[in-house]
Each structure stands twice: as C-alpha cells, then as structure tokens.
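Dear colleague,

I am handing over a structure for you to look at, and below it I have written down what was found. Please keep the model open while you read, so that you can follow each point in it.

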Amino acid sequence: MATQRQEIQISRELDRFVRLHDGMAEMNRAWLELAPAESLDWVPSDDAIHRFGDGRTPMTIRNLFIHVAVSEHVWIGALAAASEGDVMPPPSNRSLSERLAGGDLIAGAAALHAKTMSIVHSLSQADLDKHVVAGRRRWAGMEFLWGVHTHRAFHLGHLDHYLRMNDRSTPEFFVYHP
C-alpha cells in the first residue's frame with residue numbers, strides 16, 4: 001500500500017506525464033500537418049524493414065500516425081482494465097485504424113487522443129501501482145505510461161525522417177513547451 005507521500009509523488013508524476021504526453025501528441029500533429037497529402041502513403045522502400053510487425057502493413061506517414069494514436073489508446077485502455085500481472089495486448093485495433101484511415105486523420109487522431117487522455121485521468125492510484133507485462137518486461141502502471149510516451153517519441157523520429165526525405169522542413173523539437 002502506498003503512503004500519502006508516495007501518492008503525492010505519483011500524482012505529480014502523472015501530472016508530468018499528462019503535460020508531456022499531450023505536448024508530444026501536439027508535436028505529432030504538427031509533423032503530420034507539414035506532410036503533403038501526396039506523401040502520406042509514401043514509404044522509402046517496399047522491403048520488410050519498412051513494414052510493421054505484422055509484415056504486411058507498410059510503414060507510411062499515414063500508417064505511422066494511425067499506429068501511434070491507436071496503440072496508445074489500446075495500451076492505456078488495457079492498463080485501466082488490467083489486473084496485477086496481466087499481459088498487455090498487441091498495440092492494434094483494425095476497426096479503429098480503418099476508421100482513422102477513412103476520415104479526417106488529424107481530427108480523428110485528436111479526438112482519439114482526447115478519449116485516451118480521459119482514460120489516463122480516470123486511472124486510480126492502484127492502476128498506477130499495479131504491475132503489467134509488456135515486451136517481456138514487468139512494469140508498474142506509471143512506468144508503463146512512460147513506455148507508451150517513449151513509443152510515441154520513437155515514431156516521431158520516423159515522421160521527422162520521412163518528412164526530411166520528402167524535402168519538407170520539420171517543426172523545431174526543442175521549442176515545444178508542454
């Protein structure tokens with residue numbers, strides 16, 4: 001059981017996560033807005049290295065953006081519903097991905113992010129303290145949230161690289177103020 005001091009520290013940590021994760025989502029949106037429509041389905045090559053883990057889905061700008069939005073929603077929802085020791089699901093939801101791909105991508109991803117963050121705001125101290133398994137590692141709930149954040153940052157690097165390969169400038173990362 002957490003002490004009051006530990007709970008205050010976790011609460012501050014969750015507040016920090018919310019601020020930074022919302023800022024990172026905003027950066028992802030800014031990167032996508034700079035991508036010309038004709039480059040959203042561009043991929044550097046058609047080899048296996050430029051495909052997601054399923055081996056079929058090409059890692060395009062559009063699919064990267066969808067993957068990030070959907071995976072954070074799946075994982076954070078799973079964390080909220082998990083019991084101690086549960087294994088986190090794969091970061092995919094085909095119907096949700098198809099819905100995002102078929103509509104206004106930026107608005108759809110923003111709405112999904114808002115819904116996901118409402119789940120974050122509903123997490124209890126027990127949710128942040130419990131342990132789940134993902135990627136052959138055991139994480140406390142709060143640690144897992146930071147893992148989700150890191151996943152977003154990892155793919156932001158891909159978006160940055162793809163835009164540069166399409167002769168587009170990218171937002172200045174270090175001016176982002178969460």
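Before anything else, a residue is called buried when its relative accessible area is under 20%, exposed when it is over 50%, and partly exposed in between, with a 1.4 Å probe and protein chains only. The model is a predicted one, in which local features need a pLDDT of at least 70 and side-chain atom pairs count only at pLDDT 80 or more, while totals for chains, interfaces and linings use all residues. Residues are numbered from 1 along each chain as its sequence is written, and side-chain values use heavy atoms, with hydrogens and water left out.

**The chain as a whole**

The chain has 6 helices and 2 strands, where helices (H or I, at least four residues) and strands (E, at least two) are DSSP runs numbered from the N terminus. Read from the N terminus, the order of these elements is α-α-α-α-α-β-β-α. Of the 178 residues, 45% are buried. The accessible surface comes to about 9700 Å², and 55% of it belongs to carbon and sulfur atoms; such areas come from the Shrake-Rupley method with a 1.4 Å probe, and for residues only the protein chains shown count as cover. A contact here means heavy atoms within 4.5 Å, and among the contacts with a separation of 6 or more, 70% are between residues 24 or more positions apart.

**The nonpolar cores**

A nonpolar core is a set of buried Ala, Val, Leu, Ile, Met, Phe, Trp, Tyr and Cys residues joined through side-chain atoms within 4.5 Å. The largest one in this chain has 25 residues, and I61, V70 and L100 are those with the most contacts inside it. At least two residues of this core come from each of α1 (4-34), α2 (61-81), α3 (94-101), α4 (105-122) and α6 (141-165), and α2 gives the most, with 7 residues. If neighbours within four places in sequence are left aside, I61 is in contact with L32, A35, S39, L40, W42, L159, Y162 and L163. There is also a second, separate core of 22 residues, which includes L14, L123, A134 and F144.

**Helices α2 and α6**

These two helices pack at an angle of about 175°, with their axes 10 Å apart; axes are lines fitted to C-alpha atoms, for helices over the stretch in contact, and angles run from 0 to 180 degrees between N-to-C directions. Angles under 35 degrees count as roughly parallel, over 145 as roughly antiparallel, 65 to 115 as roughly perpendicular and the rest as oblique, and α2 and α6 are therefore roughly antiparallel to each other. Among the residues that make the contact are I61, H67, S71 and W75 of α2 and F144, H151, L159 and Y162 of α6. By class, the contact of α2 with α6 has 13 nonpolar, 6 polar and 2 charged residues, where Ala, Val, Leu, Ile, Met, Phe, Trp, Tyr, Cys and Pro count as nonpolar, Asp, Glu, Lys and Arg as charged, and the others, Gly among them, as polar.

H151 lies in helix α6 and is buried, with a relative accessible area of 15%. Not counting residues up to four places away in sequence, H151 touches H67, S71 and W75.

F17, in helix α1, is buried with a relative accessible area of 0%. H149 is placed in helix α6 and counts as buried at 10% relative accessibility; leaving aside neighbours within four places in sequence, H149 is in contact with F17, L20, H21 and M24.

A81, found in helix α2, is exposed, with a relative accessible area of 64%. A81 and D127 are 46 residues apart in sequence and 8.6 Å apart in space, C-alpha to C-alpha.

**Two residues with positive phi**

Most residues other than glycine have a negative phi. R136, in the loop between β1 (131-134) and β2 (137-140), has a positive phi near 60° and counts as exposed at 85% relative accessibility. D167, in the segment after α6, has a positive phi near 55° and counts as exposed at 71% relative accessibility.

With best wishes
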